[in-house]
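Subject: Structure handover

Hello,

Please find the structure below, together with its sequence. My notes come after it, and you can read them with the model open beside you.

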Amino acid sequence: QVQLVESGGGLVQAGGSLRLSCAASGRTFSSYAMGWFRQAPGKEREFVAAISWSGGSTYYADSVKGRFTISRDNAKNTVYLQMNSLKPEDTAVYYCAADPLYPPGRYDYWGQGTQVTVSS
């Protein structure tokens, strides 16, 4: 089992920045690829970014490419999502998830989410 807890969400003006964190406990964190997803009201959950076990490989949704950066610190069992140049359409609940495979696709474990609200 892997437990995931997100933090760092909040209210920010358009053009601003936030850094989300996802702290993991349980089985070996470095054995899991990690991803970030988001779900806006009335919309389906969508993929945002993913990172490999070591952090050496990442990929992003086109909508966030160049603005968001995913990273991880395996010594701290934490994955991050640095979000810059935020737009109102980035408003959503953001979730982190863990997958033993990379590229990930199954995502066995999920956090509870953290709300990000971007005002115009």
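This is a predicted model: local features need pLDDT of at least 70, side-chain atom pairs count only at pLDDT 80 or more; totals for chains, interfaces and linings use all residues.

Residues are numbered from 1 along each chain as its sequence is written, and side-chain values use heavy atoms, with hydrogens and water left out.

The sheet

Strands here are DSSP runs (E, at least two residues), numbered from the N terminus. Two of them pair if DSSP finds at least two bridges between them. Strands of a sheet pair through backbone hydrogen bonds, either parallel or antiparallel.

An open sheet is formed by 4 strands in the order 1-3-8-7, with antiparallel pairing. Strand 1 (2-7) and strand 7 (68-73) are at the edges; each has a single partner strand, so one side of each has no neighbour in the sheet. On average, neighbouring strands of this sheet are turned by 15 degrees against each other, direction ignored. That angle is taken between axes, which are lines fitted to C-alpha atoms; angles run from 0 to 180 degrees between N-to-C directions.

Strand 1 is joined to strand 3 (residues 18-26) by 6 bridges, and the two run antiparallel. In this pairing, E6 has C22 of strand 3 as its bridge partner. Strand 3 also pairs with strand 8 in the antiparallel sense, over 6 bridges. There, L20 stands opposite L81 of strand 8.

The core

A nonpolar core is a set of buried Ala, Val, Leu, Ile, Met, Phe, Trp, Tyr and Cys residues joined through side-chain atoms within 4.5 Å. Buried means under 20% relative accessible area, exposed means over 50%, and partly exposed is in between (1.4 Å probe, protein chains only). The largest core has 31 residues, of which L4, M34, W36, L81, M83 and Y94 touch the most other members. Among the elements that give two or more residues to this core are strand 1, strand 3, strand 7 and strand 8 (78-83).

What does the side chain of R72 reach at 3.3 Å? It is the backbone oxygen of W53. The R72 side chain also makes a polar contact of 2.8 Å with the side chain of N74. R72 lies in strand 7 and is buried, at a relative accessible area of 12%.

R38 lies in strand 4 and is buried too, with a relative accessible area of 6%. Its side chain makes polar contacts with the side chains of E46 (2.5 Å) and Y94 (2.9 Å).

Aromatic rings

Rings of Phe, Tyr and Trp (its six-membered ring) pair if their centres lie within 6.5 Å; planes under 30 degrees apart count as stacked, over 60 as edge-to-face and the rest as tilted. By this rule there are 8 aromatic pairs. One of them is Y32 with Y109: the ring centres are 6.0 Å apart and the planes stand at 75 degrees, so the pair is edge-to-face. Y32 is in the loop between strand 3 and strand 4, Y109 is in strand 10 (residues 109-110), and 77 residues separate them. Both Y32 and Y109 are buried.

F37 and Y107 form an edge-to-face pair, with 4.8 Å centre to centre and 90 degrees between the planes. F37 lies in strand 4 and Y107 in the loop between strand 9 and strand 10, so this pair ties together parts 70 residues apart in sequence. F37 is buried at 10% relative accessibility, and Y107 at 8%. One aromatic cluster is formed by F37, F47, W53, Y59, Y102, Y107 and W110.

A charge sits over a ring if NZ of Lys or CZ of Arg is within 6 Å of the ring centre and within 35 degrees of the ring normal. R45 lies over the face of W110, at 3.8 Å from the ring centre.

Backbone details

The peptide bond from Y102 to P103 is cis, with omega near 0 degrees. P103 is in the loop between strand 9 and strand 10. Y107 has phi near 50 degrees, a positive value in a residue other than glycine. S85 likewise has phi near 50 degrees; S85 is in the loop between strand 8 and strand 9 and is partly exposed, at 41% relative accessible area.

Regards

Definitions and conventions: A polar contact is a pair of N or O atoms within 3.5 Å; within protein, one must be able to donate a hydrogen and the other to accept it, and residues adjacent in sequence count only if both atoms are side-chain atoms.
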